[in-house]
Number of protein chains: 2
Amino acid sequence: MTTDSDTPWLTDQEQRAWRTHLDVSRLLMHQLERDLQPFGLTNNDYEILVNLSEAEDHRLRMSDLATSTLQSKSRLSHQITRMENAGLVRRESCESDRRGLYAVLTEEGWDTMRRVAPHHVASVRKHFIDLFPAEDLQAFRASLTPVAEHLRKERGGL
Amino acid sequence: MTTDSDTPWLTDQEQRAWRTHLDVSRLLMHQLERDLQPFGLTNNDYEILVNLSEAEDHRLRMSDLATSTLQSKSRLSHQITRMENAGLVRRESCESDRRGLYAVLTEEGWDTMRRVAPHHVASVRKHFIDLFPAEDLQAFRASLTPVAEHLRKERGGL
DNA sequence: CCCATTTAATTCAGTATTCAACATTTACGG
DNA sequence: CCGTAAATGTTGAATACTGAATTAAATGGG
């Protein structure tokens, strides 16, 4: 059993680190969302556009897109429907596996991506990257990488 | 104007740091949510409980609670309604300012908090804190603190 | 070759979040 | 004081997210 006095409560240092991380992730997402708003995109929209832009032929299977954006299939399906209605992507059926579908960037989606990306990068710099002293960023990533690996193993489905 | 070649794209190092941060924050929230599920709480529920537990008299003004949990007033209002229905919290009117309301922890809310907290702390340790070499955690927090400060200044409303 | 499993993706119902509109009370400038 | 502006919270409708159930197609053991 777990009694109260057994519990390895967080030290002050740990508590501060943890809460700072929480605050930064939430505030940062809000800020990036706000910076994307003038372009009519959400963070989720943008991330889909990035993934498709970087993909072979500007297309990815729904499954792969769900995996790489860390979303459930259900959520991705809704998300793509919305983006399809907005004209940014389209669905195309897959020859080799008739269950499958590709999400494909449209011309308009690609144009949007190229137009918005510089502003988004500026936003990421302004509110995150450029606030680290050059050395620290490397250390920051090094610290976080094992955490990311651990979490990826831990999770079953989303 | 902003042309493509003007844009200070992220370097490889920067890109990796940024994406790792993104992945960790999302995966971590999912994992914590999953670990709370057996207790019938969401991350949001838990955070409200923490804030009220630490507050004078186990009560906070709706506004203050919204500010410290970084949520909009509307969202908090709905959230508290749900928690009220679940018996964790109740609303009490405020003497000194008749517009105002307190959110107050109920007995059941306080019991729940004490029962769940050890498990939640264990979860935070397992998936985050304990994955940092002792020295690194301090450096991690130090790097993130200016980011948090910047973001707090930047944001107007939520 | 067939049936049982697994995989791909969507749908539906329930829940949560956002955004704007609203009611009420307080603050403040003249 | 008065009247306008600002602050506190809630509400409702529209939108988004979740998790389970569903459809359809591929896989694989006997």
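**Chain A: burial, fold order and overall form**

Buried residues, meaning those under 20% relative accessible area with a 1.4 Å probe and protein chains only, make up 46% of the 158 residues in chain A. This is a predicted model, where local features need pLDDT of at least 70, side-chain atom pairs count only at pLDDT 80 or more, and totals for chains, interfaces and linings use all residues. Residues are numbered from 1 along each chain as its sequence is written, chains are lettered from A and ligands numbered from 1 in the order written, and side-chain values use heavy atoms, leaving out hydrogens and water.

Next, the fold. Chain A has six helices and three strands. These are DSSP runs: H or I of at least four residues for helices, E of at least two for strands. From the N terminus, the order is α-α-β-α-α-β-β-α-α.

Now the overall form. What is the radius of gyration of chain A? Chain A has 19 Å, whereas a compact globule of 158 residues would be near 15 Å. That value is taken over C-alpha atoms, and the globule rule is 2.2 Å times the number of residues to the power 0.38. Along the principal axes, the C-alpha atoms fill a box of roughly 60 × 40 × 25 Å.

On to contacts, which means heavy atoms within 4.5 Å. Of those in chain A with a separation of 6 or more, 50% join residues 24 or more positions apart.

Last, the annotation. An unreviewed UniProt entry gives "domain: HTH marR-type" for residues 14-149 of chain A; such annotations may be inferred rather than shown by experiment. That span is 68% helix and 10% strand. Its end C-alpha atoms lie 21 Å apart.

How values were computed:
Buried means under 20% relative accessible area, exposed over 50%, partly exposed in between (1.4 Å probe, protein chains only).
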